[in-house]
Amino acid sequence: MLNVFHTVYRLYSKVLFFAALIAGLATFLIMWLISMSAFLRTAFNSPIPASVEISQALLVLCITFPFAYTQCKREHVRTIALVQLLPFRAQNILYTIWMILGCLIFAAATYGTFRYGLRSFQMNEMVWGAAIQFPLWPSKLAVSVGCALLTIQFGLDAIGSAFVPGFAPHDHTPTDDDAERVTETSPEDTNV
């Protein structure tokens, strides 16, 4: 059972890495698009048509796609001021509860944004830019995809913290034992 979970988690982290890579590429494209448009406007008085609209559409990918990867790598900012005072078991229970709540909240967000994006697709919603008419529904559905990726990640984290020993991160306050470990490996003892 644990091997299956670890395999699924590892494979899903590769999917999330790909989504984060897409977000990075979108960021890179926005940078080049805006830079080239500004250069062409200054040098030739002819910017790239619809560069603002394309940038707005890509910005959705930059924002929503890396959320789940960041959660998978446990790189989100966590406030541990009170949690670190709790025993490890209580920290694990609290972490599991937060992951379940995150899963439920983002499942609702996924559902809502998907309905919103689907409605936009069905009515072929467009935005008028300076030069061209631009479809809006792909950006709206991309928000739903980003939320769905995060929902699944929260679900996997909830399962892992509830059933896999040592899965949930544990925070603790520094104790005298920690101070002893630091002094045991002080530079004076290592003959560097």
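## Buried residues, a helix and a pocket

Alanine 20 counts as buried because its relative accessibility is 17%; buried means under 20% relative accessible area, exposed over 50%, and partly exposed in between, with a 1.4 Å probe and protein chains only. This is a predicted model, where local features need pLDDT of at least 70, side-chain atom pairs count only at pLDDT 80 or more, and totals for chains, interfaces and linings use all residues. Residues are numbered from 1 along each chain as its sequence is written, and side-chain values use heavy atoms, with hydrogens and water left out.

Alanine 20 lies in helix α1, residues 2-44. Helices (H or I, at least four residues) and strands (E, at least two) are DSSP runs, numbered from the N terminus. Leaving aside neighbours within four places in sequence, alanine 20 is in contact with Phe65, Pro66 and Tyr69. Contact means heavy atoms within 4.5 Å. Leucine 61 is 41 residues away from alanine 20 along the chain, yet their C-alpha atoms are separated by 8.9 Å.

Serine 13 is also found in helix α1. Not counting residues up to four places away in sequence, serine 13 touches Tyr69 and Cys72.

| Residue | Relative accessibility |
|---|---|
| Serine 13 | 15% |
| Cysteine 72 | 9% |
| Cysteine 147 | 11% |

What is a disulfide? A disulfide is a covalent bond between the sulfur atoms of two cysteines. The search criterion is a pair of cysteine sulfur atoms within 2.5 Å. Across the whole structure, the search finds 0 disulfides.

Next comes helix α2, residues 51-64. The 14 residues of α2 reach 20 Å from first C-alpha to last, close to the 20 Å expected at 1.5 Å a residue. The expected span is 1.5 Å times one less than the number of residues. Buried residues of α2 include Ser51, Ala57, Leu58, Leu61 and Cys62. The buried residues of α2 pack against α1, α3 (66-72), β1 (126-128), β2 (133-135) and α5.

Now the largest pocket. Its volume is about 550 Å³. On a 1 Å grid over the protein atoms alone, a pocket is an open set of points with protein on both sides within 12 Å along at least five of seven lines, and lining residues have an atom within 4 Å of a point. Volume is the space filled by probe spheres set on the points. The largest pocket is lined by 22 residues, and Val77, Arg78, Tyr95, Trp98 and Met99 lie nearest its centre. Helix α4 gives the largest share of the lining, 9 residues.

How values were computed
On a 1 Å grid over the protein atoms alone, a cavity is a set of points where a 1.4 Å probe fits but cannot get out, and a pocket is an open set with protein on both sides within 12 Å along at least five of seven lines; lining residues have an atom within 4 Å of a point.
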